[in-house]
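Reader: I would like to learn how to read features off a model. Can we take them one at a time?

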Amino acid sequence: MKRNLLKTLLAITIISSLASCEKGKEEVVNPVEDTEYKFIRILVNDETTKQLSLVDPIKLSTETFEALHAKSAVYGTQAGRFGALVNSANNFVQLFDTGFEGHGDHVDVKGTPKFGALTGDGNKPTHFKSKGDEIITFNDGDGTLGIAKEAEFHVAGAKMQTIRATGYKAHHGAMTKFDNGTYAITEKDGSVAGTLPERVSIIDISGKILFQSTIQTKGIHGNASDGKVSLFGSSSGILVVEPTGAQRLIPHPANFGTAWFGSILEAKGAGSFIGYSAAVGAYLIDVTLGKITPIIESTDLIQVKTDYAGNNLIAFLHSGEVKIYDLKTNTLKKSGSILPATAKDETQKPQLEATSRFLYVTQPKSGELLQININDFSKVNKIKVSATPYRLSILGIESSESH
């Protein structure tokens, strides 16, 4: 009798314990993240001085460095470890190393933040791309490409390699790199006045033209690629270029009039392309169907940017409002005011970038970087950077996992 009673009590205890565990599991609620990922940094340069600010968005602290030139364009590499300062006016490219090396499920720290040894001295480097472990610039001054591999970034005296396609000449150009290692590169044939190119050809790493242009446009500006197909903004339509050499145009909507997409963005996380024009707004581009669908139709936009992972589009308006769109569903997720209105004729406007957790916005007049919680726009941190912050880029990896 006692033995049966003990067995019954033990069974009740175990069942009760298991039920309590299951109940506890059901009641666990993941808190809203109020801090940034551990391995994210914000690189901000200055318009009038050589100061470079590396912001730690968790500590809200800034480490300062001196770049070779002021007022550069600032970019990040695809892997996230390096930043690139591209200064067309001084024919110079400089690399900056966060030391964060991503390994899928964790991040290793390789030394301390510092400049790389490699530099670029192409003729007016302007357009920048990063593909895998390679960086690429289009040099407007002579129509060449400059390339370098990450393995060279800390090699003393290393320079970016120049790729010159036969017959190419100076123009305001652009390029993409395909997964097979070839490059789609703009070409100036002189059929349109000005510096904009009219055509796109495909070359290999030696500069040999593998596929000549088959479509002549009335001017090209802006491009993006997912490695399998490349899109170029054109006044004649969106030029679609495949690594096989095949080319076609996706027409603009009839109501565009003379407007066209001077900027093309790739949203990696959503697997989407976005076309943007200040004259009409931002639109999803369906390459397969040749279809263009509105995301936001507005003439009041300062910028549109994809977040760091490429899942959302951030639309930043002169009114001070921000609208966040889910690119997988093309739906508005959140909107609200983050700043007072910015005049359309303002010389230096606030610049915005975003992770999945925060918006980062420069304040050119106060010398600050704003960190704005993406879930609650009223939660704002102000971080002092330089006197006149110019451009910014998010570097690192959206992870807090290390060894």
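Reader: Which residues does S402 touch, not counting residues up to four places away in sequence?

Author: One caution before the answer: this is a predicted model. S402 touches K38, F39, H106 and V107. S402 itself lies in the segment after β34 (389-396).

Reader: Is S402 buried or exposed, or partly exposed?

Author: Read the relative accessible area. Buried means under 20%, exposed over 50%, partly exposed in between. S402 has 33%, so S402 is partly exposed.

Reader: How far apart are S402 and L145, in sequence and in space?

Author: They are 257 residues apart in sequence. In space the C-alpha to C-alpha distance is 37 Å.

Reader: Let us turn to strands. How do strands of a sheet pair?

Author: They pair through backbone hydrogen bonds, either parallel or antiparallel. Now the case here. Four strands form an open sheet, in the order β18-β19-β20-β21. The pairing is antiparallel.

Reader: Which are the edge strands?

Author: β18 (220-225) and β21. Each pairs on one side only. Neighbouring strands of this sheet are turned by 25° against each other on average, direction ignored.

Reader: How many bridges join β20 to β21?

Author: Four, and the two strands run antiparallel.

Reader: What joins β32 to β33?

Author: A hairpin, through six residues. Strand β32 (residues 368-373) and strand β33 (residues 380-384) pair in the antiparallel sense over five bridges. Q371 stands opposite N381 in β33.

Reader: What does I238 touch, not counting residues up to four places away in sequence?

Author: Its contacts include L231, F261 and I285. R248, L249 and I250 are also among them.

Reader: How many aromatic pairs does a search of the whole structure find?

Author: Ten. Read each one by centre distance and plane angle. F65 and F96 are 4.9 Å apart, centre to centre, with 70° between the planes. An angle over 60 degrees counts as edge-to-face, and this pair is edge-to-face. The pair links distant parts of the chain: F65 is in strand β3 (residues 61-66) and F96 in strand β6 (residues 92-97), 31 residues apart.

Reader: Is F65 buried or exposed?

Author: F65 is buried, with a relative accessible area of 17%. F96 is buried too, at 0%.

Author: Take a second pair. F256 and Y283 are also edge-to-face, at 5.1 Å centre to centre and 65° between the planes. F256 lies in the loop between β21 (247-250) and β22 (263-267), and Y283 in strand β24 (residues 281-286), so the pair ties together parts 27 residues apart in sequence. Both F256 and Y283 are buried.

Reader: Which residues do ring pairs link into a cluster?

Author: F65, F96 and F115.

Definitions and conventions. Residues numbered from 1 in each chain as written. Predicted model: local features only at pLDDT ≥ 70, side-chain atom pairs only at ≥ 80, totals over all residues. Heavy atoms only, no water. Pairing = 2+ DSSP bridges. Buried < 20%, exposed > 50% of the residue type's maximum accessible area, 1.4 Å probe, protein only. Contact = heavy atoms within 4.5 Å. Phe/Tyr/Trp six-rings, centres within 6.5 Å; stacked < 30°, edge-to-face > 60°. Axes fitted to C-alpha atoms, helices over the stretch in contact; angles between N-to-C directions.
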